Amino acid sequence: MTTPRKTLSLSRVVAPASGPELSPEAQLIAQAIRRKLCITAVYNKTAMVITPHILYTKHDDPFIDGVVTLRDGKVPAEPKLGTFKLAGLNSVMLTADNFEPHALFDPTDAKYEGVTLAKLG
């Protein structure tokens, strides 16, 4: 007899009580932010591991700000907080790797005011 394998599922993600309806990818990223889990994604044909710090909207389009920890399997020369348009992220998946908030991230930045969907707490 085999035991069913545990997987991360979108069905367990709860959308915020208020605000816009989130796409499945946005829900997955919101879950990663709440649980401080890295995500893998392909952005501009480049495979990346990203530590998502905040999910917000800009001109009604969802964006994330996060730090890339691996780009095409290599560690970037210097860490920096990048902005990624959700529409450009493909093959988004959660990893089991936890992360700590990066010092470059400022959750009180004016560009996040009133448009934040999920952020590190």
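Biologist: What share of the contacts in the protein chain with a separation of 6 or more comes from residues 24 or more positions apart?

Modeller: A contact means heavy atoms within 4.5 Å. Here, residues 24 or more positions apart account for 54% of the contacts with a separation of 6 or more. Keep in mind that this is a predicted model, where local features need pLDDT of at least 70, side-chain atom pairs count only at pLDDT 80 or more, and totals for chains, interfaces and linings use all residues. Residues are numbered from 1 along each chain as its sequence is written, and side-chain values use heavy atoms, with hydrogens and water left out.

Biologist: Thanks! Which elements does the protein chain have, and in what order do they run?

Modeller: Helices (H or I, at least four residues) and strands (E, at least two) are DSSP runs, numbered from the N terminus. This protein chain has one helix and six strands, in the order α-β-β-β-β-β-β.

Biologist: How many of the 121 residues are buried, as a percentage?

Modeller: Buried means under 20% relative accessible area, exposed over 50%, and partly exposed in between (1.4 Å probe, protein chains only). Buried residues make up 37% of the 121 here.

Biologist: Now phi: where does Lys 36 sit, and is Ser 91 buried or exposed?

Modeller: Lys 36, not a glycine, has a positive phi of about 55 degrees. Lys 36 lies in the loop between α1 (24-35) and β1 (37-43), and is partly exposed at 27% relative accessibility. Ser 91 also has a positive phi of about 55 degrees. Ser 91 belongs to strand β5 (residues 89-98) and is exposed, at 55% relative accessible area.
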